[in-house]
Structures are given as structure tokens and as C-alpha cells.
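This report looks at pairs of charged side chains. Please keep the sequence and the 3D view at hand while reading.

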Amino acid sequence: MTTRRKLIQPRHEHRRQEAINDDGSIMMMIAVVSKKKGNPFFEQVLKGCEEKVERLNRERIQAGQEVILQCQEYSLEETDAEAQVDILRQLAVRTDVAGIAVSAIDADILTPAINEIVAQNRISLVTFDSDAPDSDRQVYIGTNNFEMGSRLARLLQQLKPTGGYFGLLSDTTPNLQDREAGFRSNITSNWKEISFSPQNVNDDTAQSLTIMHEYVSFHPDIDAIIPMGGWPMVDKDGWINFVNSNPNLTLVCADSVSAQIELLLIGKVNALVGQEPFRMGSNLASVLSDMYSGKPPTEEVILGKFLLEMVYAPVQKPDLNVNGNGLGPLKAVGFVSFSIVATLALACIYWTYSKRNIRVVKASQPLFLIMIATGVLIMSGALIPLSLPDSSNQQFQNNSCMATPWLLVLGFSCTFAALFSKTWRINQIFNCPDGNYARVVVKETDVLIPFCALMTTNIIIMALWTALNPLVNTINSKAGTDLWGRTISTYYACEPVNEDGAWVFLVPLGLINIGVLLVAFWQSFRARSITSEFSETRYINLVMMSLSQAFLTGLPILFLVREQPKAFYLIWVFLILVVCLSVLLLIFVPKILFERKFKKLRASEQNAVFQGAIETSTGAKKKRIRRQRRNHQASTTTKHQQQNNELTSSQLGEKADPIDTNGNQVELSAVEKEDEENLTQKEAISEYHDEPEDGVPCEEGKGDNHNQQTLVT
């Protein structure tokens, strides 16, 4: 059976059901039902109510109204929801009650009683401080307790951004449960709650201090304690003794009554998140007075966010030491990476130019090789401004921010437009109609058109970006402050002047350049069957795959570490380094190796290799001839036919004409003989060219009576 607590009588001595003053005015009561006697918070609420009522009464007297209001507090010796229900029901039957304001101890227990009183439609009833949201109460006046818990979490993170272990002091009342939820939803992952937290203090000062001592005893490495109410600070001496015994503990407490503020001023608590109980009492008096007069409450007082954040700050603060998170020695990584790429790119340009008249280099289109190496050199140049974010010159910093995308975009355009043009040129030459291998002319000026179009478009977009919404170097604050709310850590970042307007330029740049990649992939796919050592089809595919893998992996990581300057910088450097080295090594190294191998061959062997490259690159018709030849031989094979098909010394490597089923030779047509000779020649040159890849340029002949192919150098 529930033990009934002794009820505390109203502070005022007006016991009559209707108190009539000497002047004939009627005294009506605003009943403030709090949780527990002696709580400084509710004392402030009552003061606010009394002061507001005093002003309202003066206005009523001037208006000639007979009803005068007064505020009375009803509280308990100890928190007991059932006893609070008894108080409400006693007040509901009185005739001198203008309205009731209750701070709910247990919303579930109070809800039926609240609903009964409201259903009588005689006395207005509101909740304050602690709500019963599922009841029929007419208004809640008080703090957004979820937001209050969130503020406690944010202050703790600012005071100790490195994180650690924390413990909560709380209770089962609705407002404190909301504060717990707000705290946990906003605390960062580097903070961990100890296993036996939270502990309920039952609105008791002595019990709350005892729990704090237990937290420290059972969990010595605890870093912070967060009371969801001001109970332990009511006992000033007990609180000071605890703080002196645990000087390294971070203490962030809810509420900000006078005793707590005094402790804050002498540095015995790190921070407070306070409500405004005086204002809360003033508002509930206004609302109940209006409701008694038949006026509905205004929206502004239905849910208030009366929160105050207070952090201890001594008069003489220590010097502020801000960590700027500069790159420091890491800059060397960017400069060394640029040196490596620039050296290799210049070496590739020199090699291409010096070998431009060699037959195998000519077939590889020297102009585009130089364009590719030049684009890589420009792209690697982005490592220089990327490594200079913390210069003392603001204008230089801003220029460096904008120089990085300029170099990346121009280098990308030069490199991958050249790769696309090379593959497109190969496809134009070797993807002739089946059976009609006419000479084809594809001039270098023809394939420069897409390169110029891409470069011009990118330059226009970048110029507009630079003029209208350029990137500027900004200094941003990282999470966390010192004990006095001062920023202790910053980082440099390149951000557009108008953040929302950056997408106007980034989206078209992304669509255009990603489109170039997709088209280049398609051209490489079309050229997949072209096999010769004079094209980069396979290597271009490898470059595209490396680029896609690098960006698909690197860009999400860049987004995640954007507030960590050193990690952000290193990922950018290695991303650019991987892309540049992939292009240079996969495009140029195979050519250099083959050029060395090629120049060791005799002239006749070199011709055989080139001829074999052309023949094996236009293989559609040959595949058909091979298939027909295999079918024909399978139907006529006998021991006698195999003997007649042996090569004779006078034929010099040419095979005999096929034999029909009667043993008679069948004369081949001129075209079939020519194709048969080509197959024989391929076998003869296989020792010089084990796995040929691509073709080389051809030129359309004029005046020829039959189709043939000729190398264009």
C-alpha cells in the first residue's frame, strides 16, 4: 500500500473558500503545485508568479474588476506522484481557485486526474517545468527539455573535446527523461557512458552527492559527471568538498539557481545550462489570468526555450594557444610528388620528340603522346598550390585555392581528350566496312577538334567560376573550446564566397568531364578487337579503370576527412599522384620497351611486323575465311587428300588448292588466294610478333583497281 506523505499547507493564510477583502473585492487563487518543498527552482517560479500577479491586480483595480489574484505553492515533503494527485483533486473542488499549474512528477499517474479536472470545464489547468503531454492539460509552460539535454552535451564536448567516460544523475520525471534523451542524441561517439549510469536521485540533495562519490569510487577513470538537475549543488559545502577531491573531473550541471551561480563564480563547476524559473512563473500567471478571463493563451508561451548557458571564466584567463592544424613538414610530400611526376612527364616529352622520326613512334602519333605528357604535367602542378594553404598572405591563399581546380581541370582536359582522340582515330582507320578495306585518311587536325571543344568549354566554365563565385581561403573552428568558451583548434579550407552558388559551376564541370570519360570508355570498347603494339587500347583501358577506381575510392574519403586538414591533404596528394603515374607509366613504358625491341630487327623483319599489325587489326574477314576453310577441310579430309595438300618446294611455302570429294583440285578465286597468302604470311611473322594488338593509320588510295592497305607514318 502506498504511504501517503504529509501535505504542506499553502504559504498564505487565506483558508476560506472565498476570500473577500475589506474593499469588497474577491480573492481568487492561482495554485502552483510543485514537486518538493524547499527546491530553489520552484521558489523562483513562485516569486515570478507573485510579481506578475501583483502587476495584474493593479491593472484589474484600475479597470474596476472585483476579482483579485494571488499565487500559492503546494508542495510535498518528498516527491510522490500519488500525493500530488490528491492535491489536484482537493484543489478541483474548491471555489476560490482560478487556475492550477502543476509540475508533473509522474505523467502516467497524473494524467487521469488532470483529465477529470479539465473535463469539469470549471478550472483551467496547465503544466509547467515537467509536462504530461498525453493528458488534456490546456498548455505547457516551460523549457524545451530535449534541447536542454542537447545543450549539456554540446557544452561537455566543448570543454573536453577528446572525450572519455561520463555518468548522469537523473530521475524518472518526464522533464528529466527528455533531458537524458537530448543529451544522448547529441553526445559524440568519443564519449562513453559508465555501466551503472544513470542513477535516480529522487530529487534529493544528499542522495545525489552520495551517487557522485560512488561514480568516482567504482569508476576511477571517469572524466565527467552531468547532473540533469541542480540537486547536488544545493549543499554548497558538500559540493565544494567533492570538487576539491576531484579537481580533474569535468562538471556540467543543469539549472542555474542563485546557489549554483555562486559556485560557478568561484570556479567550482565548469558550466551550467540554466532555465528561467522566474520568467516561467511570470508566464504561467499571465496565461492562467487570461484563461480565467476567457482569453485563449498565445502561441509564444505554449512552449518556451528559456535556456541560459554559463561557463566559468576567471578575470585573468591564461594565454590562448590555438592549434591551426597547419601542414608543417607534410608539405614536403606534395613537393616531392610533384617533382617525381614533373621529371617523368618531361622525360616522356623529350623521348617522344627525340624519337618522333622513328617508324614505331610515328605510328603511335607523337603529337598526342606529347599532349598526354603535357596534360599530366599540368595536372601535377595542382600539388603546388595545394601545399600552400597556410601562407600569411590572404590574397596569395585565395589565389592558391582557385589555382588548384584550374590546374586539375586543364590537365585533365589535355590528357584525357588526347587519349580519347587517339582511340577515336584508331577506330576510324580500322573499323572499315567488312570486306572493303579501302585506305582511310584521318588527319591529326580532325581529331584535335574534340580536344579543342573540351578545353574551350572547361576554360569558359572555370573563368565564370573565378569571376562570379571564386574559392577563398577561410579559417574554420573545429569542435571544442577551452574552459572559457574560446576556440582552441582551427583549420584552413577553400570555400566559395557563396556556398549555394558553387553547384552552378561544379555540376556542368562534372557532367562534361565525366561524359568525356564515358565516351573514352566507349571508344576503347570499340577498339577492343584491334590488336597491335602500335595502339594504346589495352593501356588506355587500364588508365581509365585506374582513374575510376582512384576517384570512387578517394572522393568519399575526402568528404569524410574534410575537417582534418592533414588527412585531407595527403589523400589529395596521393590521388593526384596515382592518376598521373598511371597515365605516364601505362602509356609510355610499353612504347619505350617496344621501341628498343623494334630497332634491333632487320628492315625486312620490321616490315613483316608492320604488315602483320595491319592484317591482324582488320580481322573480321579473315575470321570468316578461316571458318569457311575449316568447314571445307573437315568435309573433305582423307588420308589421300592430306598427302595432296602438302606443300611442294616449288610453291615456296604456298599450300595446294583444296581437293573435292572425287580427288580433283578446286581452283580458288583471286580474292581467296590473296586471303590465303595473308594467313600464311601471318604464320611466317609470328616469331617476331607473338601477341599483336592494334593497327596503324591507313590512307585512302586513288586509282587502285583493288583494295589494299598501306602504312601512313
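Is Asp131 buried or exposed?

## Basis of the model

This is a predicted model, in which local features need pLDDT of at least 70 and side-chain atom pairs count only at pLDDT 80 or more, while totals for chains, interfaces and linings use all residues. Residues are numbered from 1 along each chain as its sequence is written, and side-chain values use heavy atoms, with hydrogens and water left out.

Asp131 is buried, as its relative accessible area is 13%. Buried means under 20% relative accessible area, exposed means over 50%, and partly exposed lies in between (1.4 Å probe, protein chains only).

Asp131 forms a salt bridge with Arg137, and their closest N and O atoms are 2.8 Å apart. A salt bridge is a side-chain nitrogen of Lys or Arg within 4 Å of a carboxyl oxygen of Asp or Glu. Side chains of opposite charge can pair when their charged atoms come close.

## Two partly exposed pairs

Arg184 and Glu193 form a salt bridge, with 2.9 Å between the closest N and O atoms. Arg184 is partly exposed at 34% relative accessible area, and Glu193 is partly exposed at 26%.

Glu276 forms a salt bridge with Arg279, where the closest N and O atoms are 3.3 Å apart. Arg279 has a relative accessibility of 41% and counts as partly exposed. Glu276 is partly exposed as well, at 26%.

## The whole structure

A search of the whole structure finds 14 salt bridges. A network of salt bridges links Glu147, Arg151 and Arg154.
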